[in-house]
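Please open the model in your viewer and keep the selection panel at hand.

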Amino acid sequence: MPLRLLPLCFLFAFSALAAQQYQVVVRVTDAETERAVPYVNVQLLNSPQGGMTDESGQYTFTIPAGRATVLASSVGYDPVRLQLTITADRQIDVLLNPVAETLETVTVSSDDASARLETPLMGVERLSIKEIEFLPVALGEVDVFRGLQLVSGVNSAGEASNGLSIRGGTIDQNLVLQDGAPVFTPTHLFGLFSVFTPDAVGSVDLYRANIPARFGGRVASVVDVRTRNPTSDKFKLQGGIGLVSSRLSMETPVTRDKRLRVLASGRIGLNDFVFTFFERLKNTRSKFGDGTLKVRYTTNERNIFTFSGFYSRDFYQIDLINGFAGIEASTNQYDYSTLNGTLDWLRLLNETTSVQLRLVRSDHRPSVIFPELDRDNTIRYDSRIRYLSGQLGIDHRTASNHQLSGGVQVLRYELEPGRLDPGSSPQAVAVDLEDEQALELSGYLEDEWKATPAFTISAGLRYTRYAQLGPGTVRTYAEGTERTPSSITDSEATDAGTLATYGGFEPRLGLSLQVADRTSIKAAYALNRQYLQNVFNSTTPLPSSRWKVADNNVLPQLSQLYSAGVYQLLGNNGLELSLEGYYRAIDRLLEYKPGAEFFLNPTVETDLIQGEGKAYGAELSVKKTQGSLTGQVNYTYARAFNRVIGPSARSSINQGEYYPGYFDQPHTVNTSFTLDDGRTHRLSFNLVVQSNRPYSIPNGYIQTDNLSAPIFLERNNARLPLYHRLDFSWTIHNAKMKKKRWVGDWTVTFYNLYGRKNAYNIYYQPRSTGRDAEVFGNSPLASYQLTIFGAPIVSLSYSFKFE
């Protein structure tokens, strides 16, 4: 054979080998009982191949030669991911470990691209703590919310916001949960980052379209944070030291048989010394801490008990003289805490059916402290939210491709809206607002049915009966007139009983049609009600902002969401493309009158008005999930408008016409990329560009007693300047490249790399004659821009793991 033909022969042989198909049999067993597990979802990553194991726990793939990744996941078990090199027919054994989380569909739990291709749930995003750790954030903190803000349709209110805006919704329209317990103030340090203990977070699910029927109580989204299970068979220690906070986490088995395992994690930040370097901030103070405890006890192969505890505490002081009831306070001090507990009992009845009982308690206590100026006295304002919940759910998977779930939930709210203790002040009067109580009883049914290999349906129905309970006061106002204290026609105090009731069915529907091996189209519908509302009249609520249960005057909000989209896998290199469009209509949207005052207001409904809202938009996302370079580019077009028509000019906004909502941000581009050499170095970049929030500018001014006062006739009639920011982080992993029990990482982060002075707010003040005339001319009003981070912020942190 001529030598010149030899390369062609090698090329032909290599092509033939690469095209060779092999049979790979996956056999799945329970790691504790060593029994075969049927109806396990197994997927070949970045491929349309996948299905369920048979009665003997087996499933067969036909896989070409080369590298492949198989994912196995099932209700009641931790998912398992295996990296394979395929050169011949083979059988692989997969061991699944039982967990205490159940009642969640496998397709939602999986981060597999092919699973997202098939699932009928839309608007679902799952972030693992690994993904969140890669992101460069302000002050170098690992943060759940900053990770979510890179998702299409998710924005913050600004650099120091106290939460998230999902598809133009307000912050209180999101249900934020950790292990099933609500978190009412989910941020630390003036709202800069979230309260969730980083080393304890396992995963974060965001539902922003057809929310599963097991969730209720909010009209925009659900953020479901789950702590990781203690699964280690030996002692593990990890933590980190940074300029803002330090953290430590411990995981270990407690008993010899390793049935009892514990995870304890904590973080603390003492930042007072930082502010002393700035003259303007020398009297500013900030301290915070959070801790998570998770105890898991496996009594046998059928019963698992889990307890999750969470505690968070914040104290900060702003050097600001503030007037209160004719008294001047030298500073504003905020002190708030959250104490949550969740107890789960998971009973695996058989390989296809499980039952879960969950008990939840949440206690949130915000306070505001006013030290009197030039007096040794402190005025204190306290409020409280207590939340109790019990839930029983069942999950069953059939051989006919149905995944059924159902359950009941009862929850009780106990609100203490506000108590004022004047101390020794003779000018202030003690105030104790009337407590509020409410009860919700809910039941839900849900079925995810793979009707054909290409068509999947998720249908859910939730019914909720809500009741405001006594003791309390029912106030009635003159019909057809503006609600004011003087228009009360009847006020009846009741010691017990039901004061107001609401309820109804909440259907949820999702459809997914796979039109090709790598393309699917989806549609969804969801109806949601909200009975608990946060009352505030600023862009983002303070930790002390008042919460309010629905009553005979403040009605629950109702939202209907319609969405549709297309999802596609591009090639074999981990590229994913998705496009979603949505329209949401909201009834009984909560708004406030001009000059509203909610602080210690016994008739708070007189300053509240309700109208309607609409939000619509489109979200385009391109992701790359494989290779040394991974990342995503997200573009969102989103609009949000409100309309309030009342019986008077004061109870109507913008003459009853539609006006932009507070989070109407038409264009947003979020990009994030990570370059990882797989050994020592990891570089991450974020670029955020977005239309900024609307705000109100005065329509004129009036002169009173030689003082110019602005007149605001319209709401949200202007927009803050364009927002953009570039962040960068560099992580050096195990710098000495030695395999040892103690491994350390150094991370340097540059937040706002080029020092953009983004506007957080623009406000107006009367100006002295002639002052800044070159800027304001003859105008009696001066406008000023407030910037939170107007320069690059550099942070350095050290993280370690020991086992």
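**Salt bridges, stop by stop**

Begin by selecting Arg375 and Glu372 in this predicted model: the two residues form a salt bridge, and their closest N and O atoms lie 3.8 Å apart. Colour the pair by accessibility. Arg375 is partly exposed, at a relative accessible area of 38%, whereas Glu372 is buried, at 6%.

Next, select Arg386, Arg412, Glu414, Glu416, Arg419, Asp432 and Asp435 together; salt bridges with shared partners join these residues into one network.

Move on to Lys548 and display Asp551 with it. The closest N and O atoms of this salt bridge are 2.6 Å apart. Are Lys548 and Asp551 buried or exposed? Both residues are buried.

Now select Glu125 and Arg208, which form a further salt bridge with a closest N to O separation of 4.0 Å. With a relative accessible area of 16%, Glu125 is buried. Arg208 also counts as buried, at 2% relative accessibility.

How many salt bridges does the count give? The count comes to 36 salt bridges, with a side-chain nitrogen of Lys or Arg required to lie within 4 Å of a carboxyl oxygen of Asp or Glu.

How values were computed. Residues are numbered from 1 along each chain as its sequence is written. This is a predicted model: local features need pLDDT of at least 70, side-chain atom pairs count only at pLDDT 80 or more; totals for chains, interfaces and linings use all residues. Side-chain values use heavy atoms; hydrogens and water are left out. Buried means under 20% relative accessible area, exposed over 50%, partly exposed in between (1.4 Å probe, protein chains only).
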